[in-house]
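Please walk through this structure step by step.

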Amino acid sequence: MIFMFALGSTPHAEGVRILVVEDEHRLAELLRDGLTGEGFAVDLAHDGREGLWMGTEQPYDVIVLDVMLPGLDGYTVCARLREAGVWTPILMLTAMAGEYDEAEALDTGADDYLAKPFSYVVLLARLRALVRRGVRERPAVLTVGDLRVDPAGLRCSRGEVLIALTPKEFAILHCLAGRAGEVVPKSELLARAWDFAYEGDSNVVEVYISALRRKIDRPFGRSTLTTVRGAGYRLEP
Ligand code: CA
C-alpha cells in the first residue's frame, strides 16, 4: 500500500492534467484525492481499454499506468499510445518485483517506473520531474544499410521483410544501430537492455546477440553483427 502525507499544494500543479490508469479502486481513489489536493486535475480509468481510449482522446501532461490491468495490460497500453503518436510522459507502476519488469516497462516506451508498494512522496517527486520534462520528441527511425529500426513502433525490418524481435532484442539492436560502425561494450548493452542494478551474468548479452544474428543476418545471408573480442559488439554500417 502507499503512504499518504499532507504535503500542501505543489507549485505549478495548477492546470496540470494527470490520467491514472489503475484497476484497484481504493488505490486509484487515494491517488486521485492526494494528487487533487496537490492542485493537479486527475482523471481515473479502471481498465486498459478505457485508459488507452482516454489517453488517446484527451491531452494529459502525464499518465500513471499500472501494469496488471484487465482488458489490456499496461505494457500494451503504453506501446499502443506510442504507436498512436501520443508522447505524454508515462510513469508505469510495476506490480512484480524483479529487474526484468522495469526494463520491459522502459522498452515499451514508458519514461519512468515505480515498483509497488511505493511511497506517495516518491511518486509525487517522479511525477513533478516528468511534468517538468514535458512531452518528449518522437524517437527517430534508425537505418543501417537496409536495416530499419523504429523505436516508436518497436518495429524492425530488413528491406521489405518485417522482423519480429522481443523487447530485449530490440533494446540491444537499437543501441547498436544508434552507434553503427562503433564498438559497443557488453556492459553498455547490459545497462541499456536491463536495469542498471542488474548484477547477473553478462553472458546473457551473448545469448541475445546470437538470437539477433539468427533474425537480422542469417536469413538474409549477411554478417553485419560482429563480435570484437574483448571489446564488445559492432553493427557494421
Ligand atoms: Ca492492477
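A contact means that heavy atoms lie within 4.5 Å. In this protein, residues 24 or more positions apart account for 60% of the contacts with a separation of 6 or more. The model is a predicted one, in which local features need pLDDT of at least 70 and side-chain atom pairs count only at pLDDT 80 or more, while totals for chains, interfaces and linings use all residues. Residues are numbered from 1 along each chain as its sequence is written, and side-chain values use heavy atoms, with hydrogens and water left out.

The protein has eight helices and eleven strands; these are DSSP runs numbered from the N terminus, with at least four residues (H or I) for a helix and at least two (E) for a strand. Of its 237 residues, 46% count as buried, where buried means under 20% relative accessible area, exposed means over 50%, and partly exposed is in between, with a 1.4 Å probe and protein chains only. The accessible surface comes to about 11,400 Å², and 52% of it belongs to carbon and sulfur atoms. Such areas come from the Shrake-Rupley method with a 1.4 Å probe, and for residues only the protein chains shown count as cover.

Next comes the sheet. Four strands form an open sheet in the order S6-S7-S8-S9, with antiparallel pairing; two strands pair if DSSP finds at least two bridges between them. Strand S6 (142-144) and S9 stand at the edges with a single partner strand each, so one side of each has no neighbour in the sheet. From one strand to the next, the twist averages 20 degrees. S8 and S9 run antiparallel and are joined by three bridges, and Arg158 stands opposite Val161 in S9. Helix H8 (residues 204-217) packs on the sheet, where it touches strand S7 (147-150), S8 and S9, and its direction makes about 55 degrees with that of S8. Axes are lines fitted to C-alpha atoms, for helices over the stretch in contact, and angles run from 0 to 180 degrees between N-to-C directions.

Gly159 lies in the loop between strand S8 (155-158) and strand S9 (161-163). Gly159 is partly exposed, with a relative accessible area of 42%.

The metal site remains. Asp23 (OD), Asp66 (OD) and Met68 (O) coordinate the calcium ion at 2.0 to 2.3 Å. Asp23 lies in the loop between strand S1 (17-21) and helix H1 (25-37), and Met68 in the loop between strand S3 (62-66) and helix H3 (74-83), so the pair ties together parts that are 45 residues apart in sequence. Donors are N, O and S atoms within 2.8 Å of the metal (3.2 Å for Na, K and Ca); water is not among the atoms, so sites may look incomplete. Asp23 is partly exposed at 26% relative accessible area, and Met68 is partly exposed at 48%.
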